[in-house]
Amino acid sequence: MLMVSGESAWLLLWPLTMSLTSAYATTRLRGRHRELAVLDDLLSKARAGTSGVLVLRGEPGMGKTALLDYAASRARGFRVDQVSGVQSEMELPFAGLHMMFGPLLDRLERLPGPQREALAVALGVRDGHAPDRLLVGLAVLSMMAELAEEQPLACLVDDAQWLDQSSLQALAFAARRLVADRVAVVFCVRAGSNIPELAGLPELAVTRLHDPDARALLASVMHGRLDPSVADRIVGETHGNPLAILQFARTLSPADLAGGFVLPGTTAPLPDRIEDGFRRQVQSLPPGTRQLLLIAAAERTGEATLLWRAATSQGIGTDAAAPAEAAELIDFGAQVRFRHPLIRSATYQSATPDERRTVHRALAEALDPRTDPDRRAWHRAQAATGPDEEVAAELERSAGRAQARGGIAAAAEFLRLATELTPEPARRSVRALAAAQAKFSAGSADAAYALLVTAAAGPLDELQQARLERLRARLDFTWNRGSDAPALLLHAARRLAPLDARQARETYLEATEAAIFAGRLGRSGRPSEVAAAARNAPPAPHPPRAIDILLDGLTARLTGGYSAGLAPLTNAVRALTRLGVSPAEDDMLWYLLWVECLLTPEPIAPEVWDDRAWDELATRAVEVARDAGAVTALPVALSAKACSDMHAGEF
């Protein structure tokens, strides 16, 4: 470790230039006195029996990860649990909780029954329906409280903006309710990230270094004389970003730094320039070390045993770790940790496609298909060089498991990968249609459109063609509120009528809703005319679903007036309120459709003088949409809840 000379020799250089050891406890991060004092106070209070939570917010490279490492080193006598959000795993439900609580599965039996079942399903150790998010949050709260009884607990979450939503919800839920449990929770978040789950929690902004601190940091890592004009240029170019300052100093020669040069890459965004510096460091390492780093970058859990199994299969020995640790890029301990998330990104991006496929294949072979089938399927997909039906079928099964856990976005991504790897045209079209539906539900319109094109290019039977037309119309309506949507949905409903009565009735209801939204601008007639066409829908099953009662009520209201629609619409409201938060009668996404029809654009519940049902349905819609990750339905549910609150005077 390089140290500045003279009376300032006690100062700590930036953490990327030192090992993550107990040195943090005896030295200070330059220019971060305020942040360190807040963290010390948080830990002291937790040690004394008062829990606390803090959100550190700052731009990339400002030192949030370094502050977390400082907190970990200062948490003497604590149990320290650290987890880092990974952008590529944002769509995998409960991935963060699995990293944090995976090693604690033996403690599950100590939790109350419902909490134990919910957390076990969330962690993938038991089969079951999508767990109730409230029970998962309570289970995390109970787990933290129990751990804190044995010793104080520090829960440190880096890159929280990339943590999967289900894990973030559970951790934030627990953090808000810890009072006297000897627990300190710290979230690190990138500046500009909008994370509703963390709203209202105490925040501390991690900002740029002041110029004197920035210059001192730069001087502290230089071996020779630094031209003052060059120092000014570097500090100004990096905007006081500590990581950027160090990367410039590491990647430019002393002659360059002393000679008044023009800084390279001045037009690139700062994180890109920082990552480019890391990329050059990685490329300078020996081949075996680079491959070991790539394995660590490709497997985001940080599980050391898995990494070394994969490395051994590639003929990589433990001696390959030394150059990377000497360069202070990564720590190979019980948990493998990159010193900064951008190092992981630089390592992965600097590898060739063949190199990435090789390490993904090694990781897939190192994983147990019985205990971790979904991660194994994902690695096998990344390792594939062309269509592979076996891998595609494995991904399809993973999608089903993800859907059961409430991970629509994860299911959509598994299905998209399965589509790409399916060799047989007909099967590829069917999977593309399923993937498009899942992407639509997850709010990825562009991906859904692209998958629909793939589905339409292959052979589909009559029912599948009708479903494709319906989804295309739903996309048009959802994203554009297009005036063509009622006509498109009516056409799809008529095509579905002889093939699938249930889907036909659902599509007639969608067409009616689209006509209400379009109003006089609709190109397929007034809402009453579309409702009249909906009278030709196939008969409702017996007993009728809530959606069937709603369709009949709407057609009666729009064609016969208020008096004709009052009784059937009242029945529809009552039927829907009886379904509960997780309706078993029908698919959960259709629950959201019913709520959408009931609540927007002309709320039906207040029209039948049932304001309590209006608020209850709107509240449930928000809960169900969030639990399911149904991004498409969530804005409508939130709007409905806002309208209900406004009418109740809850401004």
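A salt bridge is a side-chain nitrogen of Lys or Arg within 4 Å of a carboxyl oxygen of Asp or Glu. Helices here (H or I, at least four residues) and strands (E, at least two) are DSSP runs, numbered from the N terminus.

Before you go on, know that this is a predicted model, where local features need pLDDT of at least 70, side-chain atom pairs count only at pLDDT 80 or more, and totals for chains, interfaces and linings use all residues. Residues are numbered from 1 along each chain as its sequence is written, and side-chain values use heavy atoms, with hydrogens and water left out.

**The whole chain**

Zoom out. You're looking at 32 helices and seven strands. Of the 651 residues, 54% count as buried; buried means under 20% relative accessible area, exposed over 50%, and partly exposed in between (1.4 Å probe, protein chains only).

**Into the core**

Which residues have the most contacts inside the largest nonpolar core? Select Leu97, Leu119, Leu171, Phe187 and Leu198; the core they belong to has 43 residues. Such a core is a set of buried Ala, Val, Leu, Ile, Met, Phe, Trp, Tyr and Cys residues joined through side-chain atoms within 4.5 Å. Among the elements that give two or more residues to this core are strand E1 (52–58), helix H4 (95–101) and helix H6 (133–150). H6 gives the most, with eight residues.

Now click on Leu97. Leaving aside neighbours within four places in sequence, Leu97 is in contact (heavy atoms within 4.5 Å) with residues including Leu119, Val136, Val140 and Leu171. Then hop over to Val282, Leu294, Ala304 and Ile343, which are part of a second, separate core of 37 residues.

Next, pick Glu146 and Arg107. They form a salt bridge, the closest N and O atoms being 3.5 Å apart. Glu146 lies in helix H6 and Arg107 in the loop between H4 and H5, so the pair ties together parts that are 39 residues apart in sequence. Are these two buried or exposed? Both are buried.

Most residues other than glycine have a negative phi, and most peptide bonds are trans. Phe94, in the loop between strand E2 (79–84) and H4, has a positive phi near 65°. Phe94 counts as buried, at 1% relative accessibility. Glu328 also has a positive phi, near 60°, and lies in the loop between helix H15 (321–326) and strand E6 (330–332).

Then go to His542 and Pro543: a cis peptide bond joins them, with omega about 0°. Pro543 is in the loop between helix H26 (527–534) and helix H27 (546–560).

**Last stop: the surface**

Show the surface and select Tyr562, Leu566 and Trp609. They form a nonpolar patch with about 360 Å² of accessible area together. Patches are made of residues with over 30% relative accessible area and no salt bridge: like charges are joined within 9 Å, nonpolar side chains (Val, Leu, Ile, Met, Phe, Trp, Tyr) within 5 Å. Accessible areas come from the Shrake-Rupley method with a 1.4 Å probe; for residues, only the protein chains shown count as cover. Trp609 is exposed, with a relative accessible area of 74%.
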